[in-house]
Amino acid sequence: MKLNTWFFLSFLISSIVLIPIITVFSSFFENTSNYYEILKNTFLIEYIVNSFILLTSVLIFTFLIGTCAAYLVSFYKFPGSDFFKWALILSFAVPPYIYAYSLTAFFENYGTAFTILKNLFGNGDYNKNIPKFDGMFGAILSISFSLYAYVYILARASFLYQSQNLIDLGKNLGFSKFKSFYKIILPAARPAIVAGLSLVAMETLAEFGAVDFFSINTLTTGIYNSWIYFDDLAFANRISFFLLMFIFSLFILENLSRRKAKYHFNSKGGFKQKEKRKLFGFEAFLAFIFCFLIFFISFLFPLTQMMYWTIKFPENLFDLQISNLVLNTLYLVILSSLILIIFSLISNYGNRVSKNKTLNFLSTLSISGYAIPGVILAIAFITFIAWFDNSIIKLLGFASIKKIFIGSIFGLVLVYFVRFYSLAFNGIKSGYEKMNISVDESAYLLGYSKRKTFMNIHIPFLRNSLLFIIILISLEIIRELPITLILRPFNFETFATTAYISASEDLLEAAAVPSLFLILIASLFIMITSKYILREKYE
Amino acid sequence: MNNNFFEINNVDFKVGNKVKVKNVSFSIQNEGDIICLLGPSGIGKTTILRTIAGLQNIDKGSIELRGKTLSSKKINIEPENRNVSLAFQENSLFPHYDVKKNILLGTERNKGKKKQSINFEELIDLLDISQILNKYPHEISAGEAQRASLARSLITQPDLLLLDEPLSNVDQSFKEEIQEKLKKILNNFKITTIIVTHDSYEAFYLGSKCGIILNQELKQFDDPYNVYHLPNSVDVVNFLNRGILIPAEVTSPKSLENIDLGTITGNFIKPFPIGSKVKLLIQPEDLHHDDASNLKFEVIDRKFRGTNFIYTLKTPTNTLIPVFVHSHHIHQHEVDEKFGIKRPIHIDHIVCF
């Protein structure tokens, strides 16, 4: 393959990914209905205020939980510390909406908490004493305990790569442990923590399932509602634009801090592996309790709640066509992963060999798809297809293409592609960053063509990264809700959509079975990847 | 018709739009010759190698190998089709293959070619890397990686081998041994080689010709002996740091006069008219110690360099002159003492500018 073919392919892929993003931006200049004027003065303020409260609270929670847990397992040895090191990322297996179902199921009137108290102490009016975690507070808790792992993973990686020299420096200066933490360790890990918080922020603003369940009106649910209930695509796009602008500013912030984080990780010179300090007695007990509580609340609690209901209402297990759901989920996962990996590889390689600044810029823009909430992407996709069908296809006299793209596996996978392209692209890119360009040049000088270098040198080198990316994408697709909900073909369900539909019909017991399966499958994927996510060797 | 094995004609070597070395021309006459390019860091030596390898293009002049144009404004043969091998200065081993596989990948190019091939075991033995064959690049030292990379390049038996600072990371104690072995392999298999280095002794030992690159130009391209003893410009003298230039007046076809040293006799490498005011190159080995001499200067510094001392002497006109003295020499002089210079002063090759 000639150099310009790689360039062309790479250019094409990046351009396709950019289409929905451009659609959202262009929709800002379109006319909206009267409904917009009404909403602008009423709900819009509520949407913005709610989004802001939700975002701020989740950021504070995830920062506290993620950073403290990461600090404990990175710097100290205590009973269970090796277990918690990876167990604390299992919360990723519980999407916020499933956490929300568990929270409600446990604390609602005559819920699981009530049953436990009744079994322990006999009949009584316990409902009034059981706290209710619903509404905004429920949403904050659900999202925080599901997403804190972003902060935990990045903060831990940063703490882990802090050289012993840095910690010794604090001791030399006569700092106490606490002073060392906030004067030296925390500032050094700041870029990583900010990067983690930015991811949390993007996911929070994009969150649909949990906020919808708790009936909180945020910008994201506003977009969904104005499209589904009011059939106002233009207004949905208009809110999307505001949300997108907000998210882009977070994205830029995240990008800036990530650049610093990269600098930090690469500074191998003078690196001295630090030794973890062993905790004893009460200190060890406190560290254990803290980590255990986080692990229990974030993972064991929703898991056992879902298990309890599955056992209590076994009929739901038999009502559900599990094999169909597994097949559907696998089908989506395999198809999407393959497409994402192949196209991201081509795009990355095109960037690497062509060293073209325009292409580089386009690729950077195209990976912003991850920052765009699934709801917006799905609606932008429908908007684009509708426009393309009405103005181009019709004009040319062809039959409508809407059915090919909307309500089809093809359309669904295409939007997954846009949404998760950055995961695959960045994953491969960071794999490539470990490979000096002189490796490619050495291959050429050994007589390897560009294609042979790609197939025989790059692919084997990236093998582990690719496996890791496939699992990450799979995890995302298994948990993904709004895109699947909007674009799936008729009667095509996944564990996520089945759980959502049951929950939205107030059949929480029925939502338990798909939720449990979702948690178990996702946990399995996390366990496979934990080796990569939590690697301790300096690579 | 041009009969040179390899030739560079009027090429500007560039990185992006920036010219690093301009208007370079030199040739390698015979297959199997080794030449070395010397110059300070960042001057563009690596750019020259990368361009010859085809990793960078040229827009002026031409590069030819065996009479075939590899690069010119219109032609640019892809690196994989040149049969030119470049061993990079930094670790460029394939990170996911062990050292053995890395080296053996180099043999693929010559499969099916009727050429006496370099024996793998022999090569491993010569470069002393048998103990790292099963290790991965990140598990070995920089010096070992450099030798492994060298082995991979050598085993390809290219038409032209390019070595970028091939021994810069190799321990000093081991360097001379490797240099000898490298020279032996290159000569045995008649591998035409261009070596880039900043180590003048390495260049003088390995190369049959040396090129000195300074101030964006190839200043001198000559035998190592001539580069060392007969530098053709003040820049080359300064780069090789081989002494000092003192003012003198040509008094006859075989002598000069300096205010501090008096009459100096010898053979001019380039004639100057009598009465010319010139700058005379005094190298440390040109002057000899003699306590009995009445030409005495003050010692202001003495450096111990193993086999030699280098004395720095101050003349009455405040010129600082370096003089080599064998370190076994019985009479050592301390700083501030007087140091005698043997008279008459005779220099075999008189270098003036």
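The centres of domain 1 and domain 2 of chain B, taken over C-alpha atoms, are separated by 38 Å. The model is a predicted one. In the domain assignment of chain B, domain 1 covers residues 6-237 and domain 2 covers residues 243-350.

**Chain B as a whole**

- Eight helices and 19 strands make up the secondary structure of chain B.
- Taken along the principal axes, the C-alpha atoms of chain B fill a box of roughly 70 × 45 × 35 Å.
- Chain B has 353 residues, of which 38% count as buried.
- Of the contacts in chain B between residues at least 6 apart in sequence, 67% join residues at least 24 apart.

**Contact between the two domains of chain B**

- Four residues of domain 1 of chain B are in contact with four residues of domain 2 of chain B.
- On the domain 1 side of this contact, three residues are nonpolar, one is polar and none is charged.

**Contact between chain B and chain A**

- Chain B places 18 residues in contact with 15 residues of chain A.
- Strand β6 (residues 84-87) of chain B supplies three residues, the largest share of the side of chain B that touches chain A.
- That side of chain B consists of nine nonpolar, five polar and four charged residues.

- Strand β1 (residues 6-15) of chain B runs antiparallel to β4(B), and four bridges join the two; Leu65(B) in β4(B) is the bridge partner of Phe6(B).
- Strand β5 (residues 68-72) of chain B also pairs with β4(B), in the antiparallel sense and over four bridges; here Ser71(B) in β5(B) stands opposite Ile63(B).
- A hairpin is formed by β4(B) and β5(B), with two residues between them; Arg66(B), in the turn, has a positive phi of about 50°.

**The five-stranded open sheet of chain B**

- Five strands of chain B form an open sheet with mixed pairing, in the order β14-β11-β12-β13-β19.
- Strands β14 (277-282) and β19 (345-350) of chain B are the edge strands, each pairing on one side only.
- On average, neighbouring strands of this sheet are turned by 45° against each other, direction ignored.
- Within the sheet order, β12 stands beside β13; strand β12 (residues 255-258) of chain B and strand β13 (residues 262-268) of chain B run antiparallel and are joined by four bridges.
- Asn258(B) has Gly262(B) in β13(B) as its bridge partner.

**Backbone details**

- Arg343(B) and Pro344(B) are joined by a cis peptide bond, with omega about -5°. Pro344(B) lies in the loop between β18 (338-341) and β19 of chain B.
- Asn23(B), which is not a glycine, has a positive phi of about 50°. Asn23(B) is located in strand β2 (residues 18-28) of chain B, and Asn23(B) counts as partly exposed because it has 15 C-beta neighbours inside 10 Å.
- Asp506(A), a residue other than glycine, has a positive phi near 60°. The loop between α23 (495-504) and α24 (508-533) of chain A contains Asp506(A). Asp506(A) has 9 other C-beta atoms within 10 Å and is therefore exposed.

Notes:
Residues numbered from 1 in each chain as written. Chains lettered and ligands numbered in written order. Predicted model: local features only at pLDDT ≥ 70, side-chain atom pairs only at ≥ 80, totals over all residues. Contact = placed C-beta atoms within 7 Å. Nonpolar A, V, L, I, M, F, W, Y, C, P; charged D, E, K, R; others polar. Pairing = 2+ DSSP bridges. Domains from an automatic or database assignment. Buried ≥ 20, exposed ≤ 12 C-beta atoms within 10 Å, placed from the backbone. Axes fitted to C-alpha atoms, helices over the stretch in contact; angles between N-to-C directions.
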